[in-house]
Amino acid sequence: MRGRFFIFLLATVIVFNSCRNTSNSSGEFIFPEADSVPVGEAQKLSAEAIADISKNISSPVEIANLLQFLEVPFSPEYLASSVDANKQNTAFDKALALGILGADLGYLNMYEKTGTSIDILSSIRKLAEGLRVGQFFDFETIKRLSLNKSNLDSLLFLSIDSYTQIDNYLRDDNRGQLSSLMIIGVWIEAQYLATQVVKRYPDQMLKDRIGEQKIILNDLILLAIPYCNRDSQYGDLCRVLQKIKEKYRDIRITYTLGEPISVEKDDGLVIEQTETSVVEMTDEQLTGVIDVTKEIRNKLIITN
Amino acid sequence: MKKYFIILILLFTTRAMLTGQATDPLISSCIASAGPNSKYLKDFRVQLGKASEPCELRYKTQMSLWKNTRYRFTMCNSDDSQGKLILRIKDNTNKVVLSSFDQKTGKIYPYVDFICNKSGIYQLSFDFIDGQQGSGVGIVSMVK
């Protein structure tokens, strides 16, 4: 009897412990248990895993699309106009600036602000050539498409595809650290855009999008971790990413369950997801994210 | 002389038109078929041989999808493709949220609009129907 009771107790403990591991993923998004992935572990990530992580980082085009949906007018104030491509001395500076300007290009493209985009394109060209990846950027075609405003999709395709090719090439060329910097630059600039706009247009959808960045923040940090000990520039970057993560720590993302609804329309199918993600973020937490993003982004573009 | 001049102009015009498109004609035509109200976001070029045995969809990738966004996934096949490209999307709990192939009816949808209400990282799996050999592209765009 005592033996059976012991087996029952053991089984109960095992079942409850195993349930505890899965409950987090279905009910609430939290950062992984450890504050950071150990450097040794991160360095073991396969090239394929890193490529997958880089795909998870949201596109600045999506932020710009949301701003357009919210009828937020374009403003050149948000652009990193102070970045001078000629003054980027190290590969670190160039790659980070390439990412920052890439996000600005996405914003300009979406709003079809062609005059300004030509200046940014020239800077991108210099930076890309400085990193020996200029061959992947079809500047002349992008410039022509920008000027004639006739085909936004081709412009978006060529711009995004150029960055994707640069990203792939840098990884294949054992310069994955530069690819990571470029992606981090894109994210920081898009985050800066969203957080600056939300101050003037405090729309709930935009607040949610900022809060939801918690979902990919850990992946972004994973891209940087293998290089944190490379030199002081990388070390500083890793520290600022941790600082952003700290601001997100108490922002909660919870999920409600539901089954998708499908409707046939024309030749296609329309599926509406009824499951939802809900961001719980106080005004103070949002202000914390806005402030830390501004501080870091401005420091990066001034340093550059 | 005039004839050569016209031919030269035509050649330059054609080149200019071509360079304004994606380098892969299948991608360009697929982007165009996504419709005028959609904005290009990403593409996945899929080329697979015949599967040795029926199995899970073979081409796997992932991307983040964001709440309050209507995404359009358009699947296009090259002319020499044996099978039609299909897509299945699972969320982070491994739950299927979208499939362009209806197993009950056998119908394959050339595009699926997904109204996303749960932000997260999703697993995208592509293959050609019944594990056939094929070449195609999946375009992700945002719909107004």
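Visitor: Which residue of E6(B) is the bridge partner of A:Leu269?
Guide: B:Val112 is the partner of A:Leu269 in E6(B). Bear in mind that this is a predicted model.

Visitor: How many bridges join E4(A) to E6(B), and do they run parallel or antiparallel?
Guide: Four bridges join them, and the two strands run parallel. E4(A) covers residues 268-272 of chain A.

Visitor: Which side chains of E4(A) are buried?
Guide: The side chains alternate along E4(A). A:Leu269 and A:Ile271 point to one face and are buried.

Visitor: What about E3(A) and E4(A), in which sense do they pair?
Guide: Antiparallel, over five bridges. A:Ile261 stands opposite A:Glu272 in E4(A). The hairpin of E3(A) and E4(A) has two residues between the strands, and A:Asp266 takes a positive phi near 50° there.

Visitor: And on the chain B side, which strand does E6(B) pair with in the antiparallel sense?
Guide: E3(B), residues 69-77, over six bridges. There, B:Thr69 stands opposite B:Cys116 in E6(B).

Visitor: What is the strand order in the open sheet?
Guide: The sheet has six strands in the order E3(A)-E4(A)-E6(B)-E3(B)-E8(B)-E1(B), and the pairing is mixed. E3(A), residues 261-265, and E1(B) are the edge strands, each pairing on one side only. From one strand to the next the twist averages 20°.

Visitor: Which helix lies across E1, E3 and E8 of chain B?
Guide: H2(B), residues 25-33. The helix runs at about 135° to E3(B).

Visitor: What does chain B look like overall, in helices and strands?
Guide: Chain B has two helices and eight strands. Along the sequence the pattern is α-α-β-β-β-β-β-β-β-β. Of its 144 residues, 40% count as buried. Among contacts in chain B with a separation of 6 or more, 80% are between residues 24 or more positions apart.

Visitor: Switching to the helices of chain A: at what angle do H5(A) and H9(A) pack?
Guide: At about 40°, with their axes 7 Å apart. H5(A) spans residues 91-111 and H9(A) spans residues 176-200. That angle makes H5(A) oblique to H9(A).

Visitor: Is the crossing left-handed or right-handed?
Guide: The crossing of H5(A) and H9(A) is right-handed.

Visitor: Which residues make the contact?
Guide: From H5(A) they include A:Phe92, A:Leu96, A:Ile100 and A:Tyr107. From H9(A) they include A:Leu181, A:Ile184, A:Ile188 and A:Leu193. The residues of this contact divide into 18 nonpolar, three polar and two charged.

Key
Residues are numbered from 1 along each chain as its sequence is written. Chains are lettered from A and ligands numbered from 1 in the order in which they are written. This is a predicted model: local features need pLDDT of at least 70, side-chain atom pairs count only at pLDDT 80 or more; totals for chains, interfaces and linings use all residues. Two strands pair if DSSP finds at least two bridges between them. Axes are lines fitted to C-alpha atoms, for helices over the stretch in contact, and angles run from 0 to 180 degrees between N-to-C directions. Angles under 35 degrees count as roughly parallel, over 145 as roughly antiparallel, 65 to 115 as roughly perpendicular and the rest as oblique. A crossing is left-handed if the near helix is turned anticlockwise from the far one by less than a right angle, and right-handed if clockwise. Two residues are in contact if their C-beta atoms, placed from the backbone, lie within 7 Å. Ala, Val, Leu, Ile, Met, Phe, Trp, Tyr, Cys and Pro count as nonpolar, Asp, Glu, Lys and Arg as charged, and the others, Gly among them, as polar. A residue is buried if 20 or more other C-beta atoms lie within 10 Å of its own, exposed if 12 or fewer, and partly exposed in between; C-beta atoms are placed from the backbone.
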